[in-house]
Amino acid sequence: MSVHLSESTSETRDGGPAAVPGQPGAPVLEAVPVRHPGRWVAGALVGVVTLSVVVSLAKNENLDWPTVWHYLLSDLVLSGLWTTIWLTAAAMAVGLVGGVVVAVMRLSPNPVLRVVSGAFVWVFRGTPVLVQLIFWGFLGAFYPTTTIGIPFTDVVFFEGSTSDLVPATVAALLALGLNEMAYASEIIRAGIQSVDAGQTEAAHSLGMTPGRTMRRIVLPQAMRVIIPPMGNETITMLKTTALVSVISGHDLMSNIQAAYAQNFKVIPLLVVASIWYLALTTLLSVPQSWLEARYGRGVAGARQGAFARLVASRQPKEPIA
Amino acid sequence: MTTTSTTYAVQPGPDAGADAAGSGLPMVRAEQVCKRFGQNEVLTGIDLEVGRGEVAVLLGPSGSGKSTFLRCINHLEKIDSGRLTVDGDPVGYVERGGRLHELREKEVAARRTEIGMVFQRFNLFPHMTALENIVEAPTQVRRESRRDAEEHARALLERVGLADKAKAYPSALSGGQQQRVAIARALAMRPKLMLFDEPTSALDPELVGDVLDAMRDLAADGMTMVVVTHEIGFAREVADLVAFMDGGVIVESGAPDQVLVDPRHERTRAFLSKVL
């Protein structure tokens, strides 16, 4: 029997009892979700392709897993790994601290500071980091001696050979750190500018100086905007340190290259490098989500980490009236 | 000090000398205050005196310069000419050789500690709880101990009826609650003058009452207040002085009964007929 939704539903023409929707005795209408056959096709297709790639990788004898295991924890790789880690950390530290300085300079009322910081960003963001890396690596050819003193006078505190003063690792740190400074400053500037001007006014009205306002009120709020892109920058930096191999920086990639230059086991050694880079980038996402939760405090709808959710669940949130 | 001794009582500052206290010197005195934004003359000669313990309400259509004038009082806006003093001291400037020399940031900040301000959009610090908002300036600027500051903050939250919201972040508070926390935050610095910039304009109508109650309470305690508002009822009930502004000048000022009930100027009458 079909259910009529017309006005005359209650009057039945074939003599049987009428089924009235919404009244006792009405048949329960079951909702049937729409079928998606396309999803099954797409899933099967991608599954088969993926499986074939995995199988071909596993069967490929050139991959040479014994060599991979042999090198994975070797001293050569581990020492390179260590260099990669500290180089990433140091370059990001230089980039972050310098980036705050450059960002504040760009927002300064002083036109000289604005122009100089703008030019800095223009140069270091506008040239490839590979070029900058080689440039710093060959600094000794550009400035054979380095002199530290008071500009435009004869006062000299220190004078020495540039190549002694700037070995490959220092050159790598300079190149990566200065490049990062340019990018970080733009991220930090955007973060600072995202904070409502009323925040600064409120802090000023309470007698806080501009410096204290920046440290206590503006930067903590800017962090919420700054952290996600800076997390990306850190992951990018970790991988960019591989470029240091062009000036033999003894990082993970340099050491891997040194190894396969001798034994020609290029593919297994690149797999070793990939495993370590993947492991490190995976680890890096942990502090990022923790920091995002930390600086998302007080923001409705901010993404919370597992820890923050745990804490929040213990103090009931008041509804917004 | 002439202020009565209450929880909000003013602590005599270093420059509240013997001659300032009790001499009948007004808390706020403006003489021919002018302010331009580029070519746009926003204030074209403001004269106003607000006595100690008085509540002054600034009325006027939008764009009349009342908020700008209020912001000049604590130097959030810089005046271009004229004289503007709070408790006898020029705001943001020092007078030397017939000119106003702008003070350095630190000195301006020190003067602002004595002037509390409440904003239309509350401007609570969203990354801090209500309690942290209130203790921020006393601990950071005044170097009060965390314990004393928190004790004072809890007393202030109690005063504005939000004792149970100490740990709430601003995003979890209603507009009216946020504004009352903002009032408590300003009071935590024990100011001798409170400025209110349209404190109820961003609120839902049913939340306005709580904020006005907190302000009434404050006025009854003898706090000197300058209030920009459209709440004519509040002005009539609480104000000692009502000033009507239009076109960057004070068109007329006086007791609320006079200005609000029997205004002398056509412009005041026209404005009141629109808002009443």
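**A loop residue and its wider setting**

Modeller: Arg143(B) counts as exposed, at 59% relative accessibility; exposed means over 50% relative accessible area, buried under 20% and partly exposed in between, with a 1.4 Å probe and protein chains only. The model is a predicted one, in which local features need pLDDT of at least 70 and side-chain atom pairs count only at pLDDT 80 or more, while totals for chains, interfaces and linings use all residues. Residues are numbered from 1 along each chain as its sequence is written, chains are lettered from A and ligands numbered from 1 in the order in which they are written, and side-chain values use heavy atoms, leaving out hydrogens and water.

Arg143(B) sits in the loop between α3 (130-140) and α4 (146-159) of chain B. Helices (H or I, at least four residues) and strands (E, at least two) are DSSP runs numbered from the N terminus. The phi of Arg143(B) is near 60°, a positive value in a residue other than glycine. Most residues other than glycine have a negative phi.

Asp87(B) also has a positive phi, near 55°, and is a residue other than glycine. Asp87(B) lies in the loop between β4 (81-86) and β5 (89-90) of chain B. With a relative accessibility of 3%, Asp87(B) counts as buried.

Met27(B) belongs to the segment before β1 (28-37) of chain B and is buried, with a relative accessible area of 3%. From Met27(B) to Glu151(B) the C-alpha distance is 29 Å, across 124 residues of sequence.

Turning to chain A, there are 13 helices and two strands. Of its 321 residues, 35% count as buried. Chain A exposes about 19900 Å², of which carbon and sulfur atoms supply 67%; accessible areas come from the Shrake-Rupley method with a 1.4 Å probe, and for residues only the protein chains shown count as cover. Among contacts in chain A with a separation of 6 or more, 65% join residues 24 or more positions apart.

UniProt, in an unreviewed entry, lists "domain: ABC transmembrane type-1" at residues 81-288 of chain A. UniProt positions are given in the numbering used here, feature names are shortened, and annotations may be inferred rather than shown by experiment. Residues 81-288 of chain A are 77% helix and 5% strand, with end C-alpha atoms 21 Å apart. The "transmembrane region" feature (unreviewed entry) is placed by UniProt at several spans of chain A, including 119-145 and 266-286. Residues 266-286 of chain A are 100% helix and 0% strand, and the end C-alpha atoms lie 31 Å apart.

Helix α12 (residues 266-295) of chain A meets helix α11 (residues 252-263) of chain A, their axes coming within 9 Å and crossing at roughly 165°. Axes are lines fitted to C-alpha atoms, for helices over the stretch in contact, and angles run from 0 to 180 degrees between N-to-C directions. α11(A) and α12(A) are therefore roughly antiparallel; angles under 35 degrees count as roughly parallel, over 145 as roughly antiparallel, 65 to 115 as roughly perpendicular and the rest as oblique. Among the residues making this contact are Met253(A), Ile256(A) and Tyr260(A) of α11(A), and Leu269(A), Trp276(A) and Tyr277(A) of α12(A).

Helix α3 (residues 75-106) of chain A packs with α12(A) at about 40°, the axes being 12 Å apart, and the two helices are therefore oblique to each other. Here Val77(A), Leu78(A), Leu81(A), Thr84(A) and Ile85(A) of α3(A) meet Val272(A), Trp276(A), Tyr277(A) and Leu280(A) of α12(A).

A further pair is helix α4 (residues 111-126) and helix α8 (residues 168-193) of chain A, whose axes come within 8 Å and cross at roughly 120°. The arrangement of α4(A) and α8(A) is therefore oblique. In this pair, Phe120(A), Val121(A), Phe124(A) and Arg125(A) of α4(A) meet residues of α8(A) that include Leu178(A), Met181(A) and Glu186(A).

Asp196(A) lies in the loop between α8 and α9 (197-205) of chain A and is partly exposed, with a relative accessible area of 44%. The C-alpha atoms of Asp196(A) and Ala184(A) are 21 Å apart, at a separation of 12 residues along the chain.

Conventions: Contact means heavy atoms within 4.5 Å.
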